[in-house]
Amino acid sequence: MRLSLNNPLKLKAKAPLLLHSLSLPTANITPAFRNVSTSSKATTLSLTTRTTGFLPSPFLRCSTAMATAASIQVKEQIELTQTEKKIFDRLLNTLRHFNLQTQLRVAGGWVRDKLLGKECYDIDIALDNMLGSEFVDKVQEYLLSTGEVAQGLAVIPSNPEQSKHLETARMRLFDLWIDFVNLRCEDYSESSRIPTMKFGTAEEDAYRRDLTINSLFYNINTNLVEDFTKRGIEDLKFGRIVTPLPPKATFLDDPLRVLRAIRFGARFGFTLDEELKKAAACDDVKTALAAKISRERIGTEIDLMISGNQPAKAIDHICDLTLFWVVCSLPAKVEPAVSEDCYRLSASYLDATWNLIRLIGCSSFDDEQRRLCLYSALFLPLCSATYGDRKAKKIPVINYIFRDSLKRKASDAETVINVHKSLEKFLSLIPSLLSNEDIQLSEIDWGREIIDVPFTSKLRVLTGM
C-alpha cells in the first residue's frame, strides 16, 4: 500500500517508519546522538562569459575536523547559460540605450553556486547608482522599443521592523524572475537600532551581507568576480561559514541570518565558525530572532532545512546552538510539562528517520511525503502534549507549533498528528504479534477500511496498514 498524504487512514501504512529505527524511550532513557578588479581593494577572478555558549555534539566536532582539512573545488571561471547570456545582454543594452553609467552586479547565492559548478536560477542584481524600481522601468522601456515585452513586474516594499531593509523590484525575463536592488550601506541613529538605508559602494554592501561566501559579486559590465571582503573565495574553497563583520553585529542587524548560516552550513557540509556559533547562541541574538523576525520567515527557513539534503545536520546545529525553543516556541501552559532538553530527543528521532529514509531510498517518497515524515519524527516527543484554548479545550501542542511558531499549513499539523496516532495504534499491536493467545481488536477504532476483513485476519491486515 503506497503512502497517500490526502488520506489519514492510509497514512497509518507508513507509521512503522518511525519504529523500525528507534524504540520509544522511557523517562529514564538518555538518547544517544550521532556520533576583477574594478577596485584595488577587491580580490578578483577573471571570467570568460539565554545561554552564552552552545553544546557541540561529537558528530559535529568530527565533521568540523574533516571539513576543515578538505578543500572544496571552486571553478576558475563562470560559465553562463544561454538564458543568462540573453538576460545580461538585455540589461547591458538598456545601459547603452539610455547612456547610463550604472554598474550591474549579480550578488550572493548565484555567484557562489556558479563557482561551485551548480546551476542557480535565483538572480539578484545590485545597482550602484539607482533604485531597482527605476532601473526596471528603464529595462521595460527599452524592451518596448525593440518590440519585446517583460513577462512580469513587481515591487516588494521594504519593512525595516522585520529586518527587510531594501525595496526590491522584480522583473520576469526569459521565464526567470530577476530581483533588482541598490547597493546599500547603513546609518544607525543613537535612538534606534533600525538602520537608515542609503546608497553604498560595492565594498560597503559586501560587508553587510550575511556570510562571506554570499558576499561575492559578478560584475556584468566587466565580466569579473569581485571579492571585496578578500575572503569569500577562500572561505568557499575551505568550506567555512563566516560573517564578513563581527557575527553578533551581523545577527542583530538581521537575526534571520542565524538560521541562514545554519542552513548553508548543513547544505554544503561547511564548518560553522567558532565565533559565529558563540554569537548565534547568545541571549541577545535569540531574543532578537524571536522579536524581530516574522514567524513566516522563520518557518520558511526551517522548511528549507527539513526539505534540504542534510536535515539532520541542520537540526543538530539548531539544538547545539540552543535555538530549538526559539524556533519552535510553545504556548504558555503545556500539559504534561515538556522537558527543556527534549529537543535532543527530537533531533535523535529525526536523525534515525532520515537514516532510514536514505536506507530505503529517497525515491520511495516524494518531496512532500519526506518532509512530513521528518516533521513527524521531529515532533514525536511532543505527541501527547496539549494546551488549553480560550474555551479550555485541549489542543495538541503540535497544532500550535505549525500554526503559530512556524506559520505552516494547518494540514501539515493534521498529517503529523495522524502519523503519531497511527504509530500509537501500531505499537498496541506488538504484544498481540508476540503472543499466541486470542486477541481482542474491537476496542480500537481502526477505520472503515477493515470492516469486511475476517476477524482471524485482522491482526495481520492491521500490521501491514
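**Close-up 1. D320 pairs with R344 in a salt bridge, with 2.8 Å between the closest N and O atoms.** Here a salt bridge is a side-chain nitrogen of Lys or Arg within 4 Å of a carboxyl oxygen of Asp or Glu. The pair ties together distant parts of the chain, 24 residues apart: D320 sits in helix α14 (residues 311-320) and R344 in helix α16 (residues 343-360). Helices are DSSP runs of H or I with at least four residues, strands are E runs of at least two, and both are numbered from the N terminus. D320 counts as buried because its relative accessibility is 3%, and R344 is buried too, at 13%. Buried means under 20% relative accessible area, exposed over 50%, and partly exposed in between (1.4 Å probe, protein chains only).

This is a predicted model, so to speak of local features pLDDT must be at least 70, side-chain atom pairs count only at pLDDT 80 or more, and totals for chains, interfaces and linings use all residues. Residues are numbered from 1 along each chain as its sequence is written, and side-chain values use heavy atoms, leaving out hydrogens and water.

**Close-up 2. D303 and R371 form a salt bridge, their closest N and O atoms 3.0 Å apart.** D303 belongs to helix α13 (residues 295-306) and R371 to helix α17 (residues 367-378), 68 residues apart. Both residues are buried.

**Close-up 3. K278 and E275 meet in a salt bridge at 3.7 Å, N to O.** Both lie in helix α11 (residues 274-280), three residues apart, or about one turn of the helix. K278 is partly exposed at 42%, and so is E275 at 44%.
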